[in-house]
Amino acid sequence: MSATFKTLDELDLTGKRVLLRADLNVPVADGKVTDATRIERLIPTIREIVRHDGKVILLSHFGRPKGKVDPEFSLEIVASTVADLTGHPVGFIPTDWADVSGAIRAIEDAPAGSVFILENTRFHPGEEANDVELARIMASLGDVYVNDAFSAAHRAHASTEALARLLPAAAGFAMQAELEALEAGLGKPKKPVVAIVGGAKVSSKIDLLENLVTKVDGLVIGGGMANTFLHAQGFGVGKSLAEKDLAETALRIMDKAIDSGCAIILPIDAVVSWHFKANSPTRLYSAEAIDPEGMILDIGPSSIERIKGAIDDAHTVVWNGPMGAFEMTPFDAGTVEIARHVAHRTKAGLLTSVAGGGDTVSALAHAGVKDDFTYVSTAGGAFLEWMEGKPLPGVNALKK
């Protein structure tokens, strides 16, 4: 996929002012960044620009200030973390997006290789409106544009879409790695391909399921979503989470899978409890005989073995969503065992594995295998929309 897009090594960075669209929208508690994963992935791109005596000017959103200046959402709070991780001084410029003359002077007066963070792009209403005038103001601060924020690429905003069309533009190293991993996952994957999709609700992933059944050879459905499919097939699911009003939707997806030659793999047994809390009493039931008073909270051992068999037959696995209520023991067992199986085969060189989505990343970290997949995306909405087959404006704007 990278051949479709201009990459960092195709830009002349020497002595240039480089507007680097990053995703600094990281979790913060008590004034400190609690998860710096997204910042860590920016480091190679920042260092490459500095190596060429370029000036790095970081653009990002942070929270939801709704187009107004709000000190609670100032990006100044992340500057020290960026400096610590890059090992390079980082200057914060408290930008007034209506008048950037002060920012221009600060950047021009700085020595080659300087790194700056500008203020939250969402402090201006034109950011989320993809306003071209705001993009022109941003463009006046730089010579070239690099987007290293795949997690924001599904938004057509001024700093992700309009700006990319005003300056020589390219994907940063993190964006390039993400696009290449996604291409290996669904674009031009090594077949057979198995998708694992879990989570609570079918309603939030209808487009995803509709797209996947036309692209993969096997589709594993778990979590609360699976209960809706079991109900649609006439199985009782007791008091489990299920969107019973979506039974016809589930059947339509299953019919589409048959037409596309995609095998849908649903649980054949389940771990059932009568209380939604950790370490509550459980019992194993066949999917055909769930206790009417119980709740399905995880897949059972036969389901696990069936899914592992499908993984063993695959060359590519794409994963979004847990198999059960993995946040609570013992209902994490199914997700953990399958995650470790995918990781084992990946490390053995038998599988390409791509995963993404907030709950998925947390589940893989819980299983201790977050670093053992081929690629784990930290992009939530963008990863999901990519899996749904939707165009991503921030990516399309980088096409050659």
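This is a predicted model: local features need pLDDT of at least 70, side-chain atom pairs count only at pLDDT 80 or more; totals for chains, interfaces and linings use all residues.
A residue counts as buried here when its relative accessible area is under 20%.

**Helix 12**

By that cut-off, the buried residues of helix 12 are Gly-334, Thr-335, Val-336, Ile-338, Ala-339, His-341, Val-342, Ala-343, Arg-345 and Thr-346.

The length of helix 12 (residues 333–347) can be checked against its residue count. With 15 residues at 1.5 Å a residue, helix 12 should span 21 Å, and the C-alpha atoms at its ends are 21 Å apart, which agrees. Just after the helix, Gly-349 has a positive phi of about 80 degrees.

**Helix-helix contacts**

The geometry of the two contacts is set out below.

| Helix pair | Axis separation | Angle |
|---|---|---|
| Helix 9 (residues 223–232) and helix 10 (residues 247–260) | within 8 Å | roughly 90 degrees |
| Helix 12 and helix 13 | 9 Å | about 80 degrees |

Helix 12 is therefore roughly perpendicular to helix 13. On the helix 12 side, the contact is made by Thr-335, Val-336, Ala-339 and Arg-340; on the helix 13 side, by Ala-363, Leu-364, His-366 and Ala-367. By class, this contact has five nonpolar, two polar and one charged residues. Among the contributors from helix 12, Thr-335, Val-336 and Ala-339 are also on its list of buried residues.

For the other pair, the axes of helix 9 and helix 10 cross at roughly 90 degrees, which makes helix 9 roughly perpendicular to helix 10. Helix 9 contributes Thr-228, Phe-229, His-231 and Ala-232, while helix 10 contributes Ala-247, Ala-250, Leu-251, Ile-253 and Met-254. The contact of helix 9 with helix 10 has seven nonpolar and two polar residues, with no charged residues.

**Aromatic pairs**

Across the whole structure, a search finds three aromatic pairs. One of them is formed by Trp-274 and Tyr-285, which are edge-to-face, at 6.5 Å centre to centre and with 65 degrees between the planes. Trp-274 sits in the loop between strand 12 (269–273) and strand 13 (282–286), and Tyr-285 in strand 13, so the pair ties together parts that are 11 residues apart in sequence. Trp-274 counts as partly exposed because its relative accessibility is 30%, whereas Tyr-285, at 13%, counts as buried.

Another pair is Phe-383 with Trp-386: the ring centres are 5.5 Å apart and the planes are at 45 degrees, so this pair is tilted. Phe-383 and Trp-386 both belong to helix 14 (residues 381–387), where they are three residues apart, about one turn of the helix. An α-helix has 3.6 residues a turn, so residues three or four places apart point the same way. Phe-383 and Trp-386 are both buried.

**Surroundings of Trp-274**

Apart from neighbours within four places in sequence, Trp-274 is in contact with Pro-281, Thr-282, Arg-283, Tyr-285, Asp-291, Glu-293, Gly-294 and Met-295. Leu-297 lies 23 residues from Trp-274 along the chain, and the C-alpha atoms of these two residues are separated by 9.6 Å.

Methods:
Residues are numbered from 1 along each chain as its sequence is written. Side-chain values use heavy atoms; hydrogens and water are left out. Axes are lines fitted to C-alpha atoms, for helices over the stretch in contact, and angles run from 0 to 180 degrees between N-to-C directions. Helices (H or I, at least four residues) and strands (E, at least two) are DSSP runs, numbered from the N terminus. Angles under 35 degrees count as roughly parallel, over 145 as roughly antiparallel, 65 to 115 as roughly perpendicular and the rest as oblique. Contact means heavy atoms within 4.5 Å. Ala, Val, Leu, Ile, Met, Phe, Trp, Tyr, Cys and Pro count as nonpolar, Asp, Glu, Lys and Arg as charged, and the others, Gly among them, as polar. The expected span of a helix is 1.5 Å times one less than its number of residues. Buried means under 20% relative accessible area, exposed over 50%, partly exposed in between (1.4 Å probe, protein chains only). Rings of Phe, Tyr and Trp (its six-membered ring) pair if their centres lie within 6.5 Å; planes under 30 degrees apart count as stacked, over 60 as edge-to-face and the rest as tilted.
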